[in-house]
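We will go from stop to stop, and at each one you select a few residues and look.

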Amino acid sequence: MTLGTKTVAYFCMEYGLENSFKLYSGGLGILAGDMLKASRDLNAPVVGVGIKWLRGYTEQVISPDGKTVDCYPEHDYPFLEDTGVTVTVKIKGQRIGCKVWKTERFGNVPLYLLDTNIPSNGERLYTAFLYGGGTEERLAQEIILGVGGYKALKALGIDVDTYHFNEGHAVFAGLEMLREEVEAGTGFKDAIERVKSKTVFTTHTPIPAGNERHPLEALLYTGANLGFTTDQLSYIGNTPFNMTVAALRLSRKANAVAELHGVTARDMWKGEQRCCEILSITNGVHRPTWVAEPFLSQPSEPEAIWKAHTAEKQALIDLVKERTGVALDPEVLLVGFSRRATGYKRGNLLFSDMGRIKKLLDGKRLQVVFSGKSHPRDLQGRSVIAELVAMAKAFPGSVVYLPGYDMRIGSAMTRGADIWLNNPRRPLEACGTSGMKAAMNGVLNVSILDGWWPEACKHGVNGWAIGGEDVPSSVEEQDRQDALNLYSVLEQEVIPTFYNDRARWKGMMAASIRSCSDQFCAQRMVRDYFEKMYRRQ
Ligand SMILES: *Cc1c(COP(=O)(O)O)cnc(C)c1O
């Protein structure tokens, strides 16, 4: 299949291309980075547009008393190429220059990065903190990404066929296109049709509150309205202005990031008028980035798999030792859990019944490595981390918390754990790509049937499901049942298989690699985007 020559411009607030290139916070950025790399592997006509963050996202450390401390060192990336292009956007009535950098350093298609850290802007530095500021700063950043990004592509002379907004942050690019159309004399509603014909959108957030909304006054105040009236803004994105709804109304097609997420997203937005259809395209991961070398060839021979895994497990144990001083035991079942620390992901579910978990930990049936940052203002997330840090103290040598979750830790954990634990409140996990990385490395998923896992899970064959597909009516009941199901699958299936039937375990590792490596790789995802989203039917 040929992916054609018509250029797709992929917009995203964050990119996780390489650990030391700190332009990312978490899953959204990792996905975007993998998308650009797989596009390069396939010679696909894609360019990325993003922001050159001076400080990026919090690097988060843990203080001696167990509290999260956020730090934002400045970063310098001397390898970036200067395109010589600077574009101007208007923020709060002031002209702000955005210098455009470029990189293809990480095996990615060209990524263009906007940077307002230039002398002519004086102190008005909007591109320092990724997801850091309040409404005003966020809107300024979104003007830079959307409007600045759109203008940058024009100034660079790139002939774009389709604009892809990965998440709603870039939706002001659509508004800028609309402004141009209207200025050229097209009527407002016809202009919307023209913008739609050039735009597609990916939604990532099955939690209503996670879909960004801004008061119309804030759009007017910052200049994000681009001259449109409150009535026109409301027609596009409601009042308050919902970035997801606006993107659904300015796109010809949208997608969710897993089959189940598609069901959730369609249900979530079905009451909104004038929105485009929402398909499902399940995410994938860039195998050369995330899969350990011996697993890239998809080995099937049990002893070869086990030998390679043992080395990866030791590498994780070494990393844990180096970072925390804790010596984990290579013979004990190693549970990996790393996700953004936030309420619905329930990083603490394993500790719901202290008696039951204590028995497993003290009996050396399992040991757990946790990682994951919380957003600096997510109090629930911070308290989850505080609880995990307390558990690490309560179970020294069996429970570890690795602060500063990043690509380095993510990679070591999804290669070196024995099982990959995932227990969000269903159906709030959009996809969960870390589980794909694990599966391809022969790390068995033990997961709630949420996100991508229902598409892959053959219970007891290539991993395990925690519970079934029913969602109890109350959150308390859901937490209670999921915890019981988690303990029973660990006690009755995972642990006995690991210690008493190692041959079956190795067979399951082979099944995990075989069933997931092609289906959930980023190249499959890129092909799907070209076929279902980019190609005009
Ligand atoms: C893979 C990865 C993610 C995304 O994984 P989820 O399963 O969606 O949490 C986030 N952060 C890092 C550092 C990763 O490597």
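By class, how many nonpolar, polar and charged residues are in the shell around the ligand? The shell has four nonpolar, five polar and three charged residues. Here Ala, Val, Leu, Ile, Met, Phe, Trp, Tyr, Cys and Pro count as nonpolar, Asp, Glu, Lys and Arg as charged, and the others, Gly among them, as polar.

Some ground rules before we move on. This is a predicted model, in which local features need pLDDT of at least 70 and side-chain atom pairs count only at pLDDT 80 or more, while totals for chains, interfaces and linings use all residues. Residues are numbered from 1 along each chain as its sequence is written, and side-chain values use heavy atoms, with hydrogens and water left out.

**Stop 1: the ligand**

Select the ligand, then its surroundings. Around it are Gly26, Gly27, Ile30, Trp290, Arg339, Tyr405, Asp406, Met407, Gly432, Thr433, Ser434 and Lys437. To be near, a residue needs a heavy atom within 4 Å of the molecule.

Now look for polar contacts (pairs of N or O atoms within 3.5 Å; within protein, one must be able to donate a hydrogen and the other to accept it, and residues adjacent in sequence count only if both atoms are side-chain atoms). Start with Arg339: an N or O atom of its side chain is 3.2 Å from a ligand oxygen. Go to Thr433, where a backbone N or O atom lies 3.3 Å from an oxygen of the ligand. Then pick Lys437, with a side-chain N or O atom 2.6 Å from a ligand oxygen.

On its own the ligand has 380 Å² of accessible area, and the protein covers 94% of that. Such areas come from the Shrake-Rupley method with a 1.4 Å probe; for residues, only the protein chains shown count as cover. Which elements give two or more residues to the shell? They are helix 1 (27–41) and helix 15 (434–440). Helices (H or I, at least four residues) and strands (E, at least two) are DSSP runs, numbered from the N terminus.

**Stop 2: Lys345**

Select Lys345. Find it in the loop between strand 14 (333–338) and helix 12 (354–362). Is Lys345 buried or exposed? It is buried, at 9% relative accessible area. Buried means under 20%, exposed over 50%, and partly exposed in between (1.4 Å probe, protein chains only).

Leaving out residues up to four places away in sequence, Lys345 touches Phe337, Arg339, Arg340, Asn423, Pro424 and Glu429. Touching, or contact, means heavy atoms within 4.5 Å.

**Stop 3: aromatic pairs**

Show the rings of Phe, Tyr and Trp (its six-membered ring). They pair if their centres lie within 6.5 Å; planes under 30 degrees apart are stacked, over 60 edge-to-face, and the rest tilted. The count comes to 23 aromatic pairs.

Select Tyr57 and Tyr131. Their pair is edge-to-face, 6.4 Å centre to centre with 75 degrees between the planes. Tyr57 lies in the loop between strand 2 (46–51) and strand 3 (61–62), and Tyr131 in the loop between strand 7 (111–115) and helix 2 (135–155), so the pair ties together parts 74 residues apart in sequence. Tyr57 is buried at 7% relative accessibility, and Tyr131 is buried at 11%.

Next, select Phe337 and Phe370. This pair is tilted, with 5.6 Å between centres and 55 degrees between planes. Phe337 is in strand 14 and Phe370 in strand 15 (residues 366–371), so parts 33 residues apart in sequence are tied together. Both Phe337 and Phe370 are buried.

Then select Trp306, Trp464, Phe498, Tyr499 and Trp505, a cluster linked by ring pairs.

**Stop 4: Met508**

Go to helix 18 (residues 502–516) and pick Met508. Met508 is buried, at 2% relative accessible area. Its C-alpha atom is 6.9 Å from that of Gly463, 45 residues away along the chain.

**Stop 5: the backbone**

Select Thr239 and Pro240. A cis peptide bond joins them, with omega about -10 degrees. Now try Arg426 and Pro427: this peptide bond is also cis, with omega near 0 degrees.

Finish with Asn43, in the loop between helix 1 and strand 2. Asn43 is not a glycine, yet its phi is positive, near 60 degrees. At 69% relative accessibility, Asn43 counts as exposed.
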